[in-house]
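Good morning, colleagues. Please look at the model on the screen, and I shall then describe one part of it and its surroundings.

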Amino acid sequence: MTTQSPSSSARRRALLSLLAGGAALAAGIFAWQSPAWSFGMGGEPGVAIAAPMQDVPASAARTETAVFAGGCFWGVQGVFQHVQGVQRVLSGYAGGAADTARYDMVGSGATGHAESVQVTYDPSKVSYGALLQIFFSVAHNPTELNRQGPDVGTQYRSAIFPMDADQKRVAQAYIAQLDGAHAFSRPIATRIEEQAHFYPAEDYHQDFLTEHPSNPYIVINDLPKIGELKRLFPSRYQDKPVLVRQASAS
């Protein structure tokens with residue numbers, strides 16, 4: 001009988017179970033370079049796209065919140081942590097119930113959750129529309145249905161969770177704008193999902209890209225996104241990421 005190798009998602013969960021448990025072997029496993037991690041569609045180049053023709057009206061609020069899902073939250077969090085005007089980015093889960101917002105359950109693909117990020121930003125420095133442009137351009141591939149790169153399942157779907165009617169309107173208009181302009185080689189698969197709660201992920205997921213830059217998954221799939229952010233959005237890029245642990249300590 002032929003034994004099939006585990007998917008990258010299963011392998012990622014297995015490695016993280018060691019890290020969450022504080023196993024001493026975890027560091028060595030993350031540093032291990034294996035050809036098994038070298039498959040998939042990691043390191044895709046970003047796509048230069050037009051800015052949204054509509055945007056959320058400016059307000060006097062000091063902070064606003066946006067929630068996006070675009071595959072593994074390590075890389076999406078890492079991208080937005082390098083955007084000027086962003087104050088905090090949390091990895092987490094959205095789309096399902098509170099009692100299933102756990103990594104070991106979300107990985108089954110049966111909870112309704114998507115790996116997501118909650119972006120807190122200063123609307124006087126970066127608009128919701130600008131965040132959408134980065135989300136579609138470099139944070140993930142919006143034409144992938146229920147997958148990103150090597151990760152497959154509804155938990156890796158492309159989704160936007162609008163916080164209000166303005167965000168929903170702008171997101172819908174932008175998807176129509178990009179599809180109408182044939183900005184991508186395939187139609188956008190991003191779903192707009194309303195009335196979804198965001199639940200922060202386990203502590204060991206936060207700042208994962210920054211804390212584990214030599215992890216093969218990060219090297220192949222996520223670090224290239226940071227380079228594409230800097231290349232395509234130099235005026236919005238900041239070299240020093242806004243980290244969860246730094247914000248919590250301040």
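The buried residues of helix H6 pack against strand S1 (64-70), strand S3 (114-121), helix H5, strand S6 (158-161) and strand S7 (191-192). Please bear in mind that this is a predicted model.

Which residues of H6 are buried? They are Gln167, Val170, Ala171, Tyr174, Ile175, Gln177 and Leu178. These residues lie on the same side of H6, because they cover an arc of only 160 degrees around the axis. On the other side of H6, Ala165 and Gly180 are exposed.

Let us turn to the length of this helix. H6 comprises 16 residues, 165-180, and at 1.5 Å a residue it should span 22 Å; the C-alpha atoms at its ends are 22 Å apart, so the two values agree. At the start of H6, the backbone nitrogen of Asp166 has a side-chain oxygen of Asp164 within 3.2 Å. After H6 comes His182, with a positive phi near 50 degrees.

I now move to the nonpolar cores. The largest has 46 residues, and those touching the most other members are Phe68, Phe80, Val119, Tyr128, Leu131, Leu132 and Phe136. H5 supplies the largest share of this core, 9 residues. A second, separate core has 9 residues, among them Ala94, Ala114, Ala159 and Val244.

Finally, consider Glu144, in the loop between helix H5 (128-139) and strand S4 (147-148). Is Glu144 buried or exposed? Its relative accessible area is 6%, and therefore Glu144 is buried. The Glu144 side chain also makes a polar contact, at 3.3 Å, with the side chain of Arg147.

Key
Residues numbered from 1 in each chain as written. Predicted model: local features only at pLDDT ≥ 70, side-chain atom pairs only at ≥ 80, totals over all residues. Heavy atoms only, no water. Helix = DSSP H or I, 4+ residues; strand = E, 2+ residues; numbered from the N terminus. Buried < 20%, exposed > 50% of the residue type's maximum accessible area, 1.4 Å probe, protein only. Polar contact = N/O pair within 3.5 Å; in protein donor to acceptor, adjacent residues only side chain to side chain. Core = buried A, V, L, I, M, F, W, Y, C linked by side-chain atoms within 4.5 Å. Expected span 1.5 Å × (residues − 1). Arc of directions from axis to C-beta. Contact = heavy atoms within 4.5 Å.
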